[in-house]
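This briefing sets out the structural features of one protein chain, grouped by topic. Please consult the sequence and the structure alongside the text.

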Amino acid sequence: MLWSVYRFPRGLLRLLFAYRLNVVALDADEYVFVDVDARLSCQGPNGTTGGRSMFTNDSEAGSTRWPLVRVQAGGETEIVVCGSRFLPLTTHWVGQTTVCAGDGCALCDVLPVRGLFYLPVVCGSRPSILELSSTSASHFEQHCKLLHGGIRPGLVVRLSRRGRKQPVYSEVVSCIETASTVPLLDFVGKVMILFHFPGPNPGEDFPSYETRLRAMVLLRADRERRRYESRSSAGLSGR
Ligand SMILES: [Zn+2]
């Protein structure tokens with residue numbers, strides 16, 4: 001993938017792109033590449049940005065990973081809400097959590113489903129993804145709804161959990177009025193990156209990203225089903 005290029009030492013990176021610059025200059029001399037803090041952007045001669053080139057990515061491509069916030073038994077943490085509703089996701093357990101594709105999912109016939117709920121938050125000053133079970137998410141939502149007019153950006157929530165089988169307890173402790181909302185498409189991309197799927201491409205809208213993603217989720221579900229069946233048959237023949 002393109003962003004793996006950024007792991008090269010900077011000197012080598014310059015060499016690579018100096019070579020690339022020559023090649024591009026022959027093909028389309030109206031464009032020059034500008035190196036800004038190891039990110040490349042493509043500019044026309046009058047300083048305007050051109051269409052998508054191979055070297056536009058990074059900030060919009062959603063390739064960076066946001067940490068996941070889970071509240072362990074006996075744990076306590078504080079988060080700032082950066083969304084107005086949970087993103088619900090149906091999952092299966094295949095030794096790790098994998099996304100259910102919905103209609104046509106090959107895993108639904110053989111494995112139970114589990115609903116997980118995700119919310120964009122800031123935790124420890126970093127943009128993060130809060131993950132809650134359906135019971136914990138329902139408690140969170142009801143608390144915000146009854147006492148604070150619903151889930152909204154800026155609510156500072158203290159989350160705690162007494163035991164492993166206990167749901168997460170949530171309590172709004174204050175509010176930051178200037179907090180803003182993470183756009184839905186960006187957030188869906190961040191959640192999908194957790195599951196090792198790509199985020200949305202620059203300029204891609206929600207329906208086309210969803211269509212592309214669904215095809216990939218279906219393929220992975222097929223692969224996981226075959227793995228599940230080969231494990232099951234190996235288990236039976238070993239008896
Ligand atoms: Zn499924």
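The points below proceed from the overall architecture to individual elements and residues.

The model is predicted. Its secondary structure comes to four helices and ten strands, and 21% of the 239 residues of the chain count as buried.

**Overall architecture**

- Along the sequence, the elements follow the pattern α-β-β-β-β-β-β-β-β-α-β-β-α-α.
- Of the contacts between residues at least 6 apart in sequence, 60% join residues at least 24 apart.

**Strand pairing around E8**

- Strands E7 (114-123) and E8 (126-133) run antiparallel and are joined by eight bridges.
- E7 and E8 form a hairpin with two residues between them.
- Within the turn, Gly 124 has a positive phi of about 60 degrees.
- Ser 125, also in the loop between E7 and E8, has a phi near 70 degrees, a positive value in a residue other than glycine.
- Ser 125 is exposed, because 7 other C-beta atoms lie within 10 Å and a residue with 12 or fewer is classed as exposed.
- E8 also pairs with strand E3 (residues 68-69), through two bridges and in parallel orientation.
- In that pairing, Leu 130 of E8 is the bridge partner of Val 69.

**Helix H2**

- Helix H2 comprises the 15 residues 134-148. At 1.5 Å a residue it should span 21 Å, and the 20 Å between its end C-alpha atoms agrees with this.
- Its buried residues are Ser 136, Ala 137 and Phe 140. Seen down the helix axis, the buried residues of H2 fall within an arc of 100 degrees, so they line one face.
- An α-helix has 3.6 residues a turn, so residues three or four places apart point the same way.
- The face of H2 turned away from the buried side carries the exposed residues Gln 142, Lys 145 and Leu 146.
- The buried residues of H2 are covered by elements including E7, E8 and strand E10 (169-175).
- Just after H2, Gly 149 takes a positive phi of about 75 degrees.

**Nonpolar cores**

- In soluble globular proteins, nonpolar side chains tend to be buried together.
- The largest nonpolar core of this model has 26 residues, and those with the most contacts inside it are Ile 79, Val 81, Tyr 118, Val 121 and Leu 130.
- The elements that give two or more residues to this core are strand E4 (76-81), E7, E8, H2, strand E9 (155-160) and H3.
- Another core, of seven residues, lies apart from it; among its members are Ala 101, Cys 105, Leu 107 and Val 217.
- Leaving aside residues up to four places away in sequence, Val 121 touches Val 69, Ile 79, Val 80, Val 81, Cys 82, Ser 128 and Leu 130.

**Strand E10 and Val 173**

- Val 173 lies in strand E10 and counts as exposed, because it has 10 C-beta neighbours inside 10 Å.
- Beyond its neighbours within four places in sequence, Val 173 is in contact with Val 156 and Arg 158.
- Val 173 and Arg 158 are 15 residues apart in sequence, and their C-alpha atoms are 6.6 Å apart in space.

**Helices H3 and H4**

- The buried residues of H3 are Phe 187, Val 188, Gly 189, Lys 190, Val 191 and Met 192.
- His 196 is found in the loop between helix H3 (184-194) and helix H4 (206-237).
- The phi of His 196 is near 65 degrees, a positive value in a residue other than glycine.
- With 11 C-beta neighbours inside 10 Å, His 196 counts as exposed.
- Leu 213 is placed in helix H4 and is partly exposed, with 19 other C-beta atoms within 10 Å. This classification follows because a residue is buried if 20 or more lie within that distance.
- The contacts of Leu 213, leaving aside neighbours within four places in sequence, are Met 192 and Phe 197.
- Leu 213 and Met 192 are 21 residues apart along the chain, and their C-alpha atoms are separated by 8.8 Å.

Notes
Residues numbered from 1 in each chain as written. Predicted model: local features only at pLDDT ≥ 70, side-chain atom pairs only at ≥ 80, totals over all residues. Pairing = 2+ DSSP bridges. Expected span 1.5 Å × (residues − 1). Arc of directions from axis to C-beta. Contact = placed C-beta atoms within 7 Å. Core = buried A, V, L, I, M, F, W, Y, C linked by C-beta atoms within 7 Å.
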